[in-house]
Amino acid sequence: MELKILNMEQVAFYILKGVQPKRIELGKGNKIVFIYSKEETSDLFGEWLKLSEKRRELKKEYKKMREKYKNFV
C-alpha cells in the first residue's frame, strides 16, 4: 500500500530518519507528491504525530508568552 505525502516537513522528517520516498510525482495544481510505502513508514508516522503535537503545544505556549510580554518590547 502506498502513502502520498505533500507536507515537506514530514518528508524531511522521514528522510532524516533514513527512509527515502519510493518515487516523486506531480500532483494536482502542480504540487510535488512524495510516495512512500505505508508499511515502511508506519512506525515513523507515530513518531511524526507525537512530534507534531509537541510542536503545536510549543506554538500555543509561545503565543501566550508573546501576549503576556508584548508591552515589554
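## A first look around helix α2

Let's start with threonine 41, which sits in helix α2. (Helices here are DSSP runs of H or I with at least four residues, strands are runs of E with at least two, and both are numbered from the N terminus.) With a relative accessibility of 1%, threonine 41 counts as buried. That label means under 20% relative accessible area, while exposed means over 50% and partly exposed lies in between, using a 1.4 Å probe and protein chains only. Setting aside residues up to four places away in sequence, threonine 41 touches Leu3, Tyr14, Val19 and Tyr36, where contact means heavy atoms within 4.5 Å.

Before going further, keep in mind that this is a predicted model, in which local features need pLDDT of at least 70 and side-chain atom pairs count only at pLDDT 80 or more, while totals for chains, interfaces and linings use all residues. Residues are numbered from 1 along each chain as its sequence is written, and side-chain values use heavy atoms, with hydrogens and water left out.

Now for the helices. Two packed helices are described by the angle between their axes and the distance between the axes. Helix α1 (residues 8–16) packs against helix α2 (residues 38–68) at an angle of about 125°, and their axes are 11 Å apart. The axes are lines fitted to C-alpha atoms, for helices over the stretch in contact, and the angles run from 0 to 180 degrees between N-to-C directions. That angle makes α1 oblique to α2: under 35 degrees would be roughly parallel, over 145 roughly antiparallel, 65 to 115 roughly perpendicular, and the rest is oblique. On the α1 side, the contact is made by Glu9, Gln10, Phe13 and Tyr14. On the α2 side, Thr41, Leu44, Phe45, Glu47, Trp48, Leu51 and Arg55 take part.

Next comes the nonpolar core, meaning a set of buried Ala, Val, Leu, Ile, Met, Phe, Trp, Tyr and Cys residues joined through side-chain atoms within 4.5 Å. The largest one has nine residues: Ile5, Val11, Phe13, Tyr14, Val19, Phe34, Tyr36, Leu44 and Trp48. Two or more residues each come from α1, β3 (32–37) and α2. The top contributor to this core is α1, with three residues. Leaving aside neighbours within four places in sequence, phenylalanine 34 is in contact with Leu3, Lys4, Ile5, Met8, Val11, Pro21, Arg23 and Ile24.

| Residue | Relative accessibility |
|---|---|
| Tyrosine 62 | 51% |
| Leucine 6 | 51% |
| Asparagine 30 | 59% |

Tyrosine 62 lies in helix α2.

Leucine 6 belongs to the loop between β1 (2–5) and α1. Beyond residues up to four places away in sequence, leucine 6 touches Lys31, Ile32 and Val33. Leucine 6 and glycine 46 are 40 residues apart in sequence, with 17 Å from C-alpha to C-alpha.

Asparagine 30 is found in the loop between β2 (23–26) and β3. Although asparagine 30 is not a glycine, it has a positive phi of about 60°.
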